[in-house]
Amino acid sequence: MTNNVYMNVEPAVLKAWLHDGGEIALLDVREHGRFGEAHLFYAANTPYSRLEFEVRRLVPRMSARVVVYGEDSEDAAKAARALAALGYSDVHVLEGGVTAWKEQGYALFAGVNLPSKTFGELAEHEYHTPAMSAAELKRRIGAGENLVVLDGRPYAEYQKMSIPTAICCPNGELALHVQDLAPDESTTIVVNCAGRTRSIIGAQTLINLGVKNPVYALENGTQGWFLNDYALDAGQTRRHAASASGEGLAKARERASELARRLGVQTIDAEACRRMCADAARTTYLFDVRTPEEYRAGTYAGALHAPGGQLIQATDQYAATRGARLVLIDSEGVRAPTVAGWLLQLGWDVYVLDTGGAELNAPPAAAAPLASGLPKIDAAKLRELRDQGALLIDVRPSMDYRKQHIEGARWSIRELASALDVGDCRHVVLLTDDERVAELYAKDLRVPQGATLSIAAGDAASWKAAGLPLVATPDTPSDAECIDFLFFVHDRHSGNKAAAMKYLEWETNLVNQIDDRERASYRFLSH
């Protein structure tokens, strides 16, 4: 035992724990850039800069087994102590961090959402999901053939870039809206995303539901289109209707009910759900899988929002405790069972809540605030302190700082706070677009005795409006210093063909990197 709040765990023991069937939350507490370069397969990224307010959502049961890690043991120890201070009672630190893990011969993975993306590649092999090349799709669109292109990503992603003619219908909505979007069974349906996973899962969802139309996944998504030098649209607003038609809903329920029966999706009532949520020995996540608009209008009491398509695509961003139960909610009995069918195959213990016809009218879950002890100042006071020589520390994301920040402000992040030399400065101001991030940063910042420390919340636009001088520094901080940004993922969308090809190679190679125990965690059920 290293102290009275956490235990060290050796790599071999952790590897065994990850496959012993018990609940475990494996948290990579490094910033997103470092996480995406090399991390453990089942890790959920919970950056130290956001740890205390992200972990409550990702690991809701305080007595769950938790393992944190970083580059080595020392940086993870800070996170372990923070978790213990919150009340987590079974906290462990991976001894030696990712360095020791690799030295013991265990694999590290680049990228994000590894379990879900690997599942997508395996699903394509398992189901032999039909694919259509970008060249063939372009030919068919140009020829005016009877087809519809459905973009399976969230609306915000769709608006950044999309295939010409594509309609936004996120994967979690496909089961509910496909009948209205393609009522003619002779219409060819092509599902796309930015890369591969959601194209495959979206297309296979329709096939598994028994849709009669010819259905294809667009090979390599918008990246495949871009690599063929075809122009992508931007800012499009085509999307599925807010609700399904009567005929569309009836057909969707029929298909979803049959799929759930075939896959063995279990439905529970409200009393069983209450018992699950009250079980102190087991974690239960309660997710509303409908659209953001529906969730904001009212939900089931205690439910968090997890759009169905994204819950499949990025389960680790919603539920960090492996081995936990997931209870899914919708308002029509189509989306929840369809999503549950995929999560079962991803290896989760999943249930669908039958609300008994009750209206979903509870307010959305509010984020738990952090206790605040720092004074907040407005733009006028910020300007005054800056003129007096105050040290301004910008704790916003590094890319936002590069784009525009107050002249003279220094960029920093919580991981670097304890090493930051503030000299004999009498006033220190933390600049932020999220007060919670600044509050956590302040916990690790050392300021001289008698100096004042305050928070100025805002963004470049508000500071400019207040008359503060702004500058851009495209190369500062340096790429190496931008530990919160994963260039590997983002460069593929910025006109970098090499990055796009590298990303697609990474996706397709995932199935060759996992070991037998990781592969065995998946269970394909429907053919």
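This is a predicted model: local features need pLDDT of at least 70, side-chain atom pairs count only at pLDDT 80 or more; totals for chains, interfaces and linings use all residues.
Biologist: Why is the pair of Phe119 and Trp342 called edge-to-face?

Modeller: A search of the whole structure finds 14 aromatic pairs, and for Phe119 and Trp342 the ring centres are 5.7 Å apart, which is within the 6.5 Å that a pair requires. Their planes stand at 80°, and because an angle over 60 degrees counts as edge-to-face, the pair takes that name.

Biologist: What makes this a link between distant parts of the chain?

Modeller: Phe119 belongs to helix α6 (residues 114–127), whereas Trp342 belongs to helix α16 (residues 335–345), and the two residues are 223 residues apart.

Biologist: Why is the pair of Tyr127 and Trp342 given the name edge-to-face?

Modeller: The centres of the Tyr127 and Trp342 rings are 6.1 Å apart, with the planes at 85°, so the distance is within 6.5 Å and the angle is over 60 degrees, as the name requires. Since Tyr127 lies in helix α6 and Trp342 in helix α16, this pair also ties together parts of the chain, here 215 residues apart in sequence.

Biologist: How do you know whether Tyr127 and Trp342 are buried or exposed?

Modeller: The relative accessible area of Tyr127 is 10% and that of Trp342 is 3%; because buried means under 20%, Tyr127 counts as buried, and so does Trp342. Phe119 is buried as well, and one aromatic cluster is formed by Phe119, Tyr127, Trp342, Tyr522 and Phe524.

Biologist: What makes you say that a charge sits over the ring of Tyr155?

Modeller: Arg239 lies over the face of Tyr155, at 3.8 Å from the ring centre, and the limit on that distance is 6 Å. In another place, the charged end of Lys497 sits over the ring of Phe226, 6.0 Å from its centre.

Biologist: How many disulfides are there, and are Cys425 and Cys482 buried or exposed?

Modeller: The count comes to zero disulfides, as a disulfide would need a pair of cysteine sulfur atoms within 2.5 Å. Cys425, with a relative accessible area of 12%, is buried, and Cys482, at 2%, counts as buried too, because each value is under 20%.

Biologist: How do you know where the buried residues of helix α7 lie around its axis?

Modeller: In α7 (residues 134–142), the residues Ala134, Leu137 and Arg140 are buried. They cover an arc of only 130° around the axis, so they are on the same side of α7. What covers these buried residues includes the strands β6, β7, β9 and β10 and the helix α11.

Biologist: What makes β6 and β8 the edge strands of their sheet?

Modeller: Five strands form an open sheet in the order β6-β10-β9-β7-β8, with parallel pairing, and β6 and β8 are the edges because each pairs on one side only. β7 and β8 are joined in the parallel sense over two bridges, and at least two bridges are needed for strands to pair.

Methods: Residues are numbered from 1 along each chain as its sequence is written. Side-chain values use heavy atoms; hydrogens and water are left out. Rings of Phe, Tyr and Trp (its six-membered ring) pair if their centres lie within 6.5 Å; planes under 30 degrees apart count as stacked, over 60 as edge-to-face and the rest as tilted. Helices (H or I, at least four residues) and strands (E, at least two) are DSSP runs, numbered from the N terminus. Buried means under 20% relative accessible area, exposed over 50%, partly exposed in between (1.4 Å probe, protein chains only). A charge sits over a ring if NZ of Lys or CZ of Arg is within 6 Å of the ring centre and within 35 degrees of the ring normal. The arc is that of the directions from the helix axis to the C-beta atoms. Contact means heavy atoms within 4.5 Å.
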